[in-house]
Amino acid sequence: MPETMAPTVQMAKPPQDLSQPSPEVHAPGMPPRSARRAKPRSTKQAHAAGKSMGEAAQVKAVVSDILKANHSYVAKHSPGYLQKLGDRAAPKATVVTCSSPGGRVGMQGGDADADLFVISNMGNQLASSEGSIEYGVRHLRTPLLMFVSHTGCRAIQAAAGDYSNMEPAIQKELDNIEIPKGIDATNGALININNQVEGAILKFSGEVEAGKLAVLGGYYDYNNDLKQGRGRLVITNINGETDPARIRALTRGGKYFQYGFMGR
């Protein structure tokens, strides 16, 4: 008869009122934390505790800012609007951004955010989040897939340098950013955008050929490198078209489903 394994951690039953604090979890045979007596700490332990307190203060401040931003957002919208937002299940676009703040903050602040299926990863890549992107395109059926990079992207800087001393999982993701070594961050970001758009066109060729998917690339230009205004989101690729004059013409005409290589 197989031996029955006892659980290593005893879980307390959750409270009936979920607004109350979660029950404390402790190992079998160990008293609750409140019943344990503190032991004298060494100098090394005290130093570590001081560092921990600094990190704790940082986390406390960040969580406070997040909650304040949420409170402000709730105060600006009616309960009916929020309920409608919670029920909304049909985004209008799949957007892949860089995980760093510069890759996301330029898109925040408007109700248009609610219509986006946003995916963030290191270097706004197709390969790193292929499943999520495919879900947006093929199951949520968004007619737009957009890759967005930004000024000073650390992932681009890392991919352009020597990252052989980084952890294997990070190296694997950086390997997918195929840009020349030593290239500056702006040009590296633009090349990466083009690579992601090209890869997406190939992956979703069926949707592209049927005229059901537009694939765009954009760049948050915080330093005005592209001379179109500091902080602007600049469209740098429309379905493989990268010529700025052609992009401006296509944008003005709203011709986001025009593919030059298909003769449209």
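Biologist: How many aromatic pairs does the count come to?

Modeller: This is a predicted model, where local features need pLDDT of at least 70, side-chain atom pairs count only at pLDDT 80 or more, and totals for chains, interfaces and linings use all residues. Residues are numbered from 1 along each chain as its sequence is written, and side-chain values use heavy atoms, without hydrogens and water. Rings of Phe, Tyr and Trp (its six-membered ring) pair if their centres lie within 6.5 Å; planes under 30 degrees apart are stacked, over 60 edge-to-face, the rest tilted. By this rule, the count is 2.

Biologist: What is the angle between the planes of Phe-117 and Tyr-135?

Modeller: Phe-117 is in strand β2 (residues 116-121) and Tyr-135 in helix α4, so the pair ties together parts 18 residues apart in sequence. Helices (H or I, at least four residues) and strands (E, at least two) are DSSP runs, numbered from the N terminus. The pair is tilted, at 6.0 Å centre to centre and 55°.

Biologist: Is Tyr-135 buried, exposed or partly exposed?

Modeller: Buried means under 20% relative accessible area, exposed over 50%, partly exposed in between (1.4 Å probe, protein chains only). Tyr-135 has a relative accessible area of 41%. That makes Tyr-135 partly exposed.
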